[in-house]
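Work through the exercises below with the model open. Try each task before reading its solution.

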Amino acid sequence: MKLDIDKIFDSFDKNNIFKDKTILQSNYSPSEIPHREEQIKQIASILAPVLRGEKTSNLFLYGKTGTGKTLAMRFVQEELYKRVKKDADFKLKIEYLNCKMKKVSDTEYRILAELVKKMGGDVPLTGLPTQAIYNKFIETIDSEKNLVVLILDEIDQTVKKISSDFLYSLVRLNSELSKSQICLVGISNDLRFLEELDPRVRSSLSEEEILFHPYNALQIQDILNQRAELAFKEGVLQEGVINKCAALAAKEHGDARRALDLLRVAGELAERDNSKKILLKYIDNANEKIEKDKILETISSEPKQFQLVLGSIIYLLEHQKNDLPVFTGEVYDFYQQLCLKNRLEILTQRRVGEIIQELDMLGIINVRVISKGRGGRMREIKMAISKEITNKAKEIIENSLNYV
Ligand SMILES: Nc1ncnc2c1ncn2[C@@H]1O[C@H](COP(=O)(O)OP(=O)(O)O)[C@@H](O)[C@H]1O
Ligand SMILES: [Mg+2]
């Protein structure tokens with residue numbers, strides 16, 4: 001036994017593939033950012049007045065995931081800091097917070113406490129009332145003449161997790177400050193986020209807007225080539241590997257993160273196989289693995305009601321003869337039993353219908369509407385994921401619920 005393990009470690013020691021894997025990780029900042037010159041220039045020119053101590057318009061960056069929003073904004077943040085004059089009569093503070101981060105931004109209190117801490121104030125560990133933490137936040141900003149640029153990445157999450165009132169309070173902050181001023185930069189992957197906001201909040205948050213459009217396959221190739229050169233040992237990429245990653249990621253929606261993940265995971269699979277090269281087949285394997293991880297991650301992070309509906313579908317389909325589909329009505333009946341068993345509220349049939357639609361949109365199930373004559377319609381459901389992933393999904397649901 002011992003010997004086998006040694007062999008595994010030895011072969012990893014002789015790692016054939018990577019020169020520096022961190023280059024492919026998402027927190028790595030590349031020295032150049034191809035195909036985002038326009039957006040970077042726009043951000044820089046909108047924010048430039050902060051170097052003279054002037055408040056700028058609020059700025060809103062939006063576009064699908066992996067289109068370089070965070071990267072571009074962090075880059076401009078660094079560049080601004082490089083230009084700060086030591087003898088200025090104000091302090092420039094550019095604070096970045098990702099609103100998706102667990103534990104830091106789950107509640108209004110946590111977000112504000114985190115921002116107070118970042119700006120050098122101290123917050124008691126025990127929870128203050130909301131108004132008191134707001135006062136503390138304002139007091140910290142206003143303790144000296146500060147110009148604060150507050151970057152809230154994945155800002156749509158605050159509305160999901162807290163409420164839109166939080167954003168309403170934020171956009172009104174300046175009226176409560178006397179010495180200092182604050183500019184907001186909101187970043188969102190959700191293109192429709194703004195539309196759903198109160199018009200007053202919307203117009204204030206998006207005084208300036210910059211769209212990050214998806215990359216095309218050629219642009220993704222450039223991004224990948226630049227990273228691959230630093231990340232991999234020479235000659236380990238089979239011809240066509242970069243093109244294939246770029247093509248898959250472009251099909252996804254021009255997501256550079258997905259492309260980099262594909263390349264990294266393919267490298268890991270090649271390494272595990274003791275292969276000297278990253279062959280094209282490893283890209284396919286990596287794609288499957290990422291797809292699978294993404295689905296399982298979604299299933300485990302969704303609320304219990306979602307899991308109840310999916311659990312019902314999986315159970316019913318498993319007990320169908322000849323792989324026949326199930327119908328929404330049957331799912332609803334079974335779902336109600338599961339709710340009782342788990343002492344969870346029973347949602348209306350309409351709401352369960354919406355969850356079924358969501359499962360369909362996520363590519364977990366396939367829903368087909370068939371008409372039954374005289375305007376009657378039924379929805380039939382099948383799984384859209386493989387047997388193997390379905391079994392994993394079932395495990396997740398079993399661990400979180402009293403399943404069947
Ligand atoms: N133009 C680019 N050049 C180099 N790397 C990029 C570029 N755009 C995105 N990336 C890389 O792709 C990944 C996703 O980018 P990110 O800025 O996090 O996207 P978003 O915030 O829009 O979801 C990161 O690893 C980032 O470094
Ligand atoms: Mg981002």
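**Exercise 1: a serine in a loop**

Ser180 is buried, at a relative accessible area of 2% (buried means under 20% relative accessible area, exposed over 50%, partly exposed in between, with a 1.4 Å probe and protein chains only). The model is predicted: local features need pLDDT of at least 70, side-chain atom pairs count only at pLDDT 80 or more, and totals for chains, interfaces and linings use all residues. Residues are numbered from 1 along each chain as its sequence is written, chains are lettered from A and ligands numbered from 1 in the order in which they are written, and side-chain values use heavy atoms, with hydrogens and water left out.

Task: place Ser180 in the fold and find which backbone oxygens lie 2.8 Å from a polar atom of its side chain.

Solution. 
1. Locate the residue. Ser180 sits in the loop between helix H7 (164-171) and E4. Helices (H or I, at least four residues) and strands (E, at least two) are DSSP runs, numbered from the N terminus.
2. List its contacts (heavy atoms within 4.5 Å). Setting aside neighbours within four places in sequence, Ser180 meets Ile141, Asp142, Glu144, Lys145 and Asn146.
3. Check the side chain. A polar atom of it lies 2.8 Å from the backbone oxygen of Ile141. The backbone oxygen of Glu144 is also 2.8 Å from a polar atom of the Ser180 side chain.

**Exercise 2: a cysteine in a strand**

Task: is Cys183 buried or exposed, and which residues does Cys183 touch?

Solution. 
1. Cys183 belongs to strand E4 (residues 181-188).
2. Its relative accessibility is 1%, so Cys183 counts as buried.
3. Beyond four places in sequence, Cys183 touches Val50, Lys55, Thr56, Asn58, Val148, Val149 and Leu150.
4. Now take Ile162, 21 residues away along the chain. Its C-alpha atom is 21 Å from that of Cys183.

**Exercise 3: two domains**

Task: describe the interface of domain 1 and domain 2.

Solution. 
1. Domains 1 and 2 bury about 450 Å², with 44% of it on carbon and sulfur atoms.
2. Thr65, Gly66 and Thr67 supply 72% of the area that domain 1 buries against domain 2.

Conventions. Buried area = accessible area lost by both parts, 1.4 Å probe. Polar contact = N/O pair within 3.5 Å; in protein donor to acceptor, adjacent residues only side chain to side chain.
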